[in-house]
Amino acid sequence: MSESKWMKTIEKNGFLPEDQVYELLKVGNLEMLMKSAAQLRDQAHRQVISYSRKVFVPLTQLCRDVCHYCTFAQSPVQLRQAFMTPEEVLESARRGAAAGCREVLFTLGDKPELRYSQAREELEKLGHKSTLSYLREVCDLVIKETGLLPHTNPGLMNRQDLMDLREVSVSQGIMLESLSPRLFQRGGPHFGSPDKDPKLRLETIRLAGELAIPFTSGILIGIGESRRERIEALLALRSLHHQHQHIQEIIIQNFCAKAGTQMASSPEPSFEDFLWTIAIARLIFGADMNIQAPPNLSKGALARLIDAGINDWGGVSPVTPDFVNPEKPWPHLESLALETAQSAKILTERLAIYPQYALQSEHWLHPQLGRLVIQKIDSEGFGRTDNWSTGSTLRPPIEEVIGQKNDRHANYSEIESILQKAMAGDGLNESEVIRLFQARGGEVQTVCAAADRLRKEVNGDEVSYVVTRNINYTNICYFRCQFCAFSKGKLSENLRGKPYDLDLEEIKRRAREAWERGATELCLQGGIHPEYSGETYLTICRELKAILPDLHLHAFSPLEIWQGAHTLGMDLADFLRQLKEVGLGSLPGTAAEVLDDEVRAILCPDKVTTQQWLAVMEAAHSAGFQTTATIMYGHIDHPRHWASHLLRIKDLQKKTHGFTELVPLPFVHMESPIYLKGRARKGPTFREAVLMHAVSRVTLHPDITNIQASWVKMGPVGVQACLNAGVNDLGGTLMNETITRSAGASHGQEMPPEQMERLIRENGRTPVQRSTTYERAPHERTLASYQAPPLSELVNSPAKRYERTERAELIRPGLSAENVGDLSPEH
């Protein structure tokens, strides 16, 4: 069978039919097989070779089986005790946690209590009747005490065993090893090992699939099986996987002869045979499957394993040996990263549960574990590798993210091709934007450098900012946005602070004070108070323009516009025209969150939909308003959502030319309801946050020319990193900031012009005060902004109790009648 034929078949079906798999036995060209496998691997896994940083805990080395190649299993006379104690388990786990491990791998002999009285006696002292019961206890203990995520390899299990361990482990596993019945007979390596019966092992794997358990399996080669029998075993695993989609990885492990075993003098498989098996496994399982080979068993030849189609190195421990292969030490992670890079791949850390399963934790994990996992992953399901989060005062890992030099072995041709297309002004498609968001390692620097070149070409070295004051006139809101820690009220997620509703006099007082301190802009937004109508917004504008006619009013999100128009029975165009008449200058592009209704259905189900948000913006642009655009990211969203958001913004900009800038707003998790319920990530990683600014610059070029970074969310150091990744604007001085701080951010409420300009100059740029619409701020305004007097103490007018005598219907634009029941806190 030709290479083109099997690749076309895989492309069509996602896998090779069984009869065509056996045809591969006739293919004598190993390099051709490996090339096909590697190409197939790259379709799904791109540049990433993953691994899990683990601590290996051998809970017991007693086993009722007597595999002829194994040195892990010991007899009671060889051991000081049958089981590690809970204290010993915790000591190992804590050492692992201190070394940055995320996984605790429990490997143990199969049901030793059925063979050894010592095992039964120790289990009884530990308060258990079975090894699996004790395993469950220590898994639970490790989770509670260290936060490490258990992966268990305890051998054969029945349905109840699997269900019990599902509550305390994120993944489980059992190696099929082989389907060959010969190996189970007298003289074979599995003779005398009842738990190695292939039928029983397949049944355990099948049950795991029925119970939606992320599962690990694989084969051991070179123990007497034929190549055809390897294929049979892999096909049996594929069949089970096709039924339940639960096998998260296939391990191809090569037999290593060990002194002191019955197979000490048995020949090991050739390295070419090992490579052949890896390539065949990839071709059998297709692009998406994770194919793993242990790196410590092929020292000095890792590049060839990558060439054969693997995408994962498995667990690598910086603190404990490989107790199954103690003579084969783990490679140092720095060396592993270097060897991986020499194959133009990027070593990327994952959890014990693979990314595609971590991203669907509600299906694959017990709720307790799902909450832990979602806090430890990035937007693609890989492990978060730093402690930085939006709004925190921790120094961001700039050097690790954008300080990485391009490796001379790396292949950035795909990324560079996309960037060249964008810089030429040709629009990117969704898959290309997604690929930029997936940049890792030196690729991140490549994307950021391209964005920075575009920034310099379009904006020069000036960095602009606006002297503004934020006024959030009420924190009472009847909407149920699951990310919001600002709003208060019966229908909101009550968290921090007391409900308030500013009276007009306090709003005007703050506006006058802002003007005296050099402000050119007043930014007004708030919760959607059930008593507010469109007339509320019109009145605010009238009153402010009457006392400060030259102060630009930048006010009212698309949600407020939609709600205001509908409360007055007006269409959007008429309401916007009235707002313009009473002095509204421009609209903030907030309430966008992520413009994808899949996300909005969970994040803000009763808010404006994607199309409604875009409709308000288009109507505003048609009415002569300029607006900003925003994206609030890093919660339940993923790169495909970010890409669709940016492209929707770009499409509307091409039509209306009304957006002045894009403002990326990274999610602040600390006090957010959806995070506290365990349903959202801890905001974007620093890599993702910097990439959002860079990819936005590249994607929106040449249609939107200003990319802003939020100093409140990114912090001063984070903002400086963004200035080297396409950003040319730092937004407003704010004077007061409530919404982000309500969510738990710690970066202050004001950045005075002197501090703003110092930050910009430290980055080698020239600061410029601007207006809302990106014109130079008047000279007298600029002078007034320097050395401004301290702000007066805020007076938040307590919300008045009110009785609604005529209950008007609350406007909930995103909520259809059939979805009313989905607004409970659980949803």
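The model is predicted, so local features are given where pLDDT is at least 70 and side-chain atom pairs where it is 80 or more, while totals for chains, interfaces and linings use all residues. Residues are numbered from 1 along each chain as its sequence is written, and side-chain values use heavy atoms, with hydrogens and water left out.

Let's start inside. The largest nonpolar core holds 126 residues; such a core is a set of buried Ala, Val, Leu, Ile, Met, Phe, Trp, Tyr and Cys residues joined through side-chain atoms within 4.5 Å. Here "buried" means under 20% relative accessible area, "exposed" means over 50%, and "partly exposed" covers what lies in between, using a 1.4 Å probe and protein chains only. Leu-524, Leu-579, Trp-613 and Leu-730 have the most contacts inside this core. Helix H28 (residues 686–700) gives the most to it, with 9 residues. Helices (H or I, at least four residues) and strands (E, at least two) are DSSP runs, numbered from the N terminus. Apart from this core lies another, of 108 residues, and Phe-83, Phe-106, Leu-176 and Trp-330 are among them.

Leaving aside neighbours within four places in sequence, Trp-613 is in contact (heavy atoms within 4.5 Å) with Pro-558, Gly-589, Thr-590, Ala-591, Ala-592, Leu-595, Val-608, Ile-649 and Phe-659. Trp-613 also takes part in the meeting of two helices, where Pro-558, Ile-561 and Trp-562 in H22 meet Gln-612, Trp-613, Val-616 and Met-617 in H25. The residues of this contact divide into 6 nonpolar, 1 polar and no charged; Ala, Val, Leu, Ile, Met, Phe, Trp, Tyr, Cys and Pro count as nonpolar, Asp, Glu, Lys and Arg as charged, and the others, Gly among them, as polar.

How are these two helices arranged? H22 (residues 558–567) and H25 (residues 610–622) pack at an angle of about 85 degrees, with their axes 9 Å apart. Axes are lines fitted to C-alpha atoms, for helices over the stretch in contact, and angles run from 0 to 180 degrees between N-to-C directions. H22 and H25 are therefore roughly perpendicular to each other, since angles of 65 to 115 degrees count as such, whereas those under 35 are roughly parallel, those over 145 roughly antiparallel and the rest oblique.

Next comes His-635, in the loop between strand S15 (626–633) and helix H26 (639–656). His-635 is buried, with a relative accessible area of 0%. The His-635 side chain reaches the backbone oxygen of Met-632 at 2.7 Å. Beyond its neighbours within four places in sequence, His-635 is in contact with Val-594, Val-599, Leu-603, Phe-667, Ala-680 and Arg-681.

Now for some backbone details. Most residues other than glycine have a negative phi, and most peptide bonds are trans. Lys-111, although not a glycine, has a positive phi of about 45 degrees. Lys-111 sits in the loop between strand S2 (103–108) and helix H5 (117–125), and is buried, at 19% relative accessible area. Gln-245 is not a glycine either, and has a positive phi of about 60 degrees. This residue lies in the loop between helix H9 (227–244) and strand S6 (247–254); Gln-245 is partly exposed, at 41%. A cis peptide bond, with omega about 0 degrees, joins His-701 and Pro-702, and Pro-702 is in the loop between H28 and helix H29 (711–723).

Finally, which parts of the chain does Lys-345 bring into view? Lys-345 lies in the loop between helix H12 (333–341) and strand S9 (346–350) and is buried, with a relative accessible area of 9%. Its C-alpha atom is separated by 8.4 Å from that of Arg-46, although the two residues are 299 residues apart along the chain.

Ile-205, in helix H8 (residues 198–210), is buried at 0% relative accessible area. With residues up to four places away in sequence not counted, Ile-205 touches Ile-174, Phe-215, Ser-217, Leu-237, Leu-240, His-246 and Ile-247.

Key:
Polar contact = N/O pair within 3.5 Å; in protein donor to acceptor, adjacent residues only side chain to side chain.
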